[in-house]
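The following paragraphs examine how two chains meet in a structural model. The account begins with a single pair of residues and then turns to the interface as a whole.

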Amino acid sequence: MADRDEIAEAYADWRVRCNENDRLRRMLRGWDRVVHLVATDTGDRFTVVVRDQILAELTDGADEVADVVVTATSEDFADLFWGDLNPSQKYMSGEITLAGAQEDVMRLDAMSMVAFLDQ
Amino acid sequence: MTGAGDRRPGPAAAGATGVTVLRRALGLRTVVSTSTGLAFAALEYLAAAGLVAYVAGDSAWIAVGTAGLLALMAWGCFSELNGMFPTAAAIRLYMKRAMDDRVALTITFTYLTTIVLVVAADAFIVGSAIAHVLGQTAWVAGLMIAALLAAAVVSNLRGVKVAGGVQDIATYAVLAVTTLVAVTAVVRSHRALRFPLAPLHGHHPGDFLEAVALGVFLFSAFEWVTTSAEEVRRPHDIHRGMFIALAILVIVCSLITVAMSHVLGHHQLVSAYPQLFLGRAAFGQAGLWLMAGVTAATAVNTFNGGFITASRFIYATAREGSLPSALARLNDRAVPWVPVVALGVVSLVVSLVVAATGSWTVLVAVGAALEAMIYAVAAFCVVRLRPRLPDHTRPFRLPTRRLLGGFGIVVFGVLAAVASVSVANHFDIVPLIVIAVGGGLSALYVLAVLPRVQAAEEARKAARGRRRPPRRPPEAPGASGASSAWSVAPK
């Protein structure tokens with residue numbers, strides 16, 4: 001079980017990788033979204049905001065309107081942000097669940113793939 | 001797959017999301033239009049015309065109604081499975097839990113060919129119909145097919161998505177105009193219906209069975225809307241929407257078949273554009289142009305839904321590691337360009353082969369057989385998963401699971417077998433060969449290639465190593481709180 005600080009540390013690393021990736025920034029053009037993260041095991045909730053092709057800092061809580069909601073275990077969130085976990089594998093096995101438009105879900109997956117695999 | 005027509009804020013579909021509200025969520029109207037629109041492709045008109053040959057006089061509506069009742073059983077199965085797995089990846093989730101994953105993947109890949117067939121068929125029918133109303137020759141139709149598919153590929157690559165409002169309008173307009181044309185054509189014929197209640201008059205009972213198999217194809221793809229389960233405002237909108245869509249399809253398809261059998265001659269029924277002749281019977285030359293426009297409008301849903309659904313599924317399967325990673329490459333608009341281009345090329349080849357050989361009836365038979373097969377698989381999954389996952393949440397349950405599920409497996413299995421060896425009321429094994437080749441290639445890939453793909457992915461993963469640092473030891477008593485370097489910003 002990963003605590004809030006571990007998830008925040010992982011996210012901080014992921015955020016830098018995403019914001020410094022030119023290709024990813026091109027992919028995020030015009031994609032301003034609010035993403036909620038819900039950890040099923042700890043009950044922790046976070047908000048990620050993407051605005052003007054930049055990922056903002058992770059904020060605590062998730063009690064507003066969102067474009068996408070990602071639900072996973074805290075360990076999966078930490079592994080995902082460190083790039084040690086393929087979110088699509090977890091999604092296709094039902095361990096990560098999503099709510100939101102398909103194109104938004106695609107962008108989220110693209111972020112994790114491009115940030116670590118640069119495909 | 002769907003657009004944003006009926007999008008308003010709604011509670012997130014995920015159960016554990018608590019107070020979160022989705023900014024944009026699909027409502028019932030768009031679910032119904034998506035389900036209906038995906039099923040009502042241009043191929044619908046050819047399948048309806050083909051069905052007429054198997055029954056007496058104007059009684060094809062009975063075969064359509066019977067197929068509708070069977071489709072209702074498939075609806076029950078998909079509703080239960082979608083309720084258990086409300087995700088775009090549902091088909092992978094329930095099939096891998098109900099059977100060996102290699103079998104599940106083989107069936108899934110074979111089923112994907114239905115999407116290619118429908119896209120190819122729509123390109124062929126729309127191209128042929130436009131060439132006909134313009135008085136152009138067959139090679140012009142070929143050029144139009146290529147142009148249509150090229151436009152679909154380019155718009156997909158550029159991330160253009162038909163807005164939900166446009167999709168809703170296109171679907172409901174197609175259904176309304178088709179209904180109007182069918183009714184008007186019958187009324188203006190000034191002739192009474194022939195044998196409207198005697199489908200077997202002068203026909204063998206086996207003919208009726210084949211008519212029902214084709215009838216099932218009229219509803220094919222209504223279940224693709226389940227891939228929108230993550231976007232809906234209310235989870236039950238999916239199964240309600242599919243039910244309404246089936247009811248609409250039964251009514252519209254019954255009217256089309258009755259009108260076609262009533263006013264069209266044999267050579268018109270076996271043409272690539274019987275709907276144009278129906279339009280002309282109803283409103284003269286204006287009706288012909290009207291139906292040409294309606295035929296083109298059906299492509300909105302097919303190209304929008306077909307390309308997006310298939311390419312995203314291929315992308316996700318490649319990301320999962322079950323297809324080569326090249327299929328997960330994205331362009332700068334986050335579109336999986338390799339699957340999109342591949343779908344366009346394969347659809348073009350298939351549609352040009354169909355145009356050159358005139359074998360669209362084979363396409364209809366293959367589609368009907370594959371659709372019946374996937375309905376049988378859905379029934380099998382429902383029957384198998386009840387004891388395997390007894391505690392899984394089921395917002396919708398197929399009543400009398402053993403009876404209806406077992407009946408569904410048998411009936412849809414028989415219909416798949418019948419459809420695979422019958423083309424235009426003649427025994428023909430070409431559809432079976434096409435399916436066997438598709439299934440064989442899928443099985444070959446799953447058994448021989450996939451293990452190597454997965455091994456290569458594992459090797460890449462091992463080479464990358466693990467980035468996550470080892471967990472920090474617990475802090476000593478009296479130490480300060482978490483480092484500000486990685487603390488969460490307060491909201």
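Which residue of S2(B) stands opposite A:Val65? The residue is B:Val21. The two strands concerned, S5 (residues 65-66) of chain A and S2(B), run parallel and are joined by two bridges; strands count as paired if DSSP finds at least two bridges between them.

The model is predicted, so that local features need pLDDT of at least 70 and side-chain atom pairs count only at pLDDT 80 or more, whereas totals for chains, interfaces and linings use all residues. Residues are numbered from 1 along each chain as its sequence is written, chains are lettered from A in the order in which they are written, and side-chain values use heavy atoms, without hydrogens and water.

At the interface, 55 residues of chain B are in contact (heavy atoms within 4.5 Å) with 63 residues of chain A. The two chains bury about 5200 Å² between them, 49% of it on carbon and sulfur atoms; this is the accessible area (1.4 Å probe) lost on putting the parts together, summed over both.

Ten salt bridges are found across the interface of chain B and chain A, each defined by a side-chain nitrogen of Lys or Arg within 4 Å of a carboxyl oxygen of Asp or Glu. A:Asp67 and B:Arg23 form a salt bridge through their side chains, at 3.0 Å from N to O. On chain B, the elements that give two or more residues to the side touching chain A are strand S2 (21-25) and helices H4 (90-98), H11 (274-320) and H15 (430-464); helices are DSSP runs (H or I) of at least four residues and strands (E) of at least two. H11(B) gives the most, with six residues.
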